Amino acid sequence: EIAPFVLERFFAKHEFSAPHLLCSSDCEPIEMNEIISNADSEIQEIWRSMKLGYTESRGDPMLIREICSTYEQAEEKNI
């Protein structure tokens, strides 16, 4: 039998009831509206109307263009 993972048992007991959690390794949740609030209206609309699903195997063309635009000498075919 595998022994219980003590840290996980600790979190199971205290993670959502402790007033302050100082040992968490993940980040606090944030709402998508807060994340996109600084984006321009076009980008906000893209995110608000986005549907989860499959994309092209290379990745979404718009995302590839955006990634490419952050580099001086990148080409879309190399992203």
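**Exercise 1.** Is glutamate 75 buried, partly exposed or exposed?

*Solution.* The classes are set by relative accessible area, where buried means under 20%, exposed over 50% and partly exposed in between, with a 1.4 Å probe and protein chains only. Glutamate 75 has a relative accessible area of 41%, and it is therefore partly exposed.

The structure is a predicted model, in which local features need pLDDT of at least 70 and side-chain atom pairs count only at pLDDT 80 or more, while totals for chains, interfaces and linings use all residues. Residues are numbered from 1 along each chain as its sequence is written, and side-chain values use heavy atoms, leaving out hydrogens and water.

**Exercise 2.** Classify the aromatic pair found in the whole structure.

*Solution.* Rings of Phe, Tyr and Trp (its six-membered ring) pair if their centres lie within 6.5 Å, and planes under 30 degrees apart count as stacked, over 60 as edge-to-face and the rest as tilted. The search finds 1 aromatic pair. Phenylalanine 10 and phenylalanine 11 form this pair, with 6.0 Å from centre to centre and 65 degrees between the planes, and it is edge-to-face. Phenylalanine 10 is partly exposed at 39% relative accessibility, whereas phenylalanine 11 is buried at 13%.
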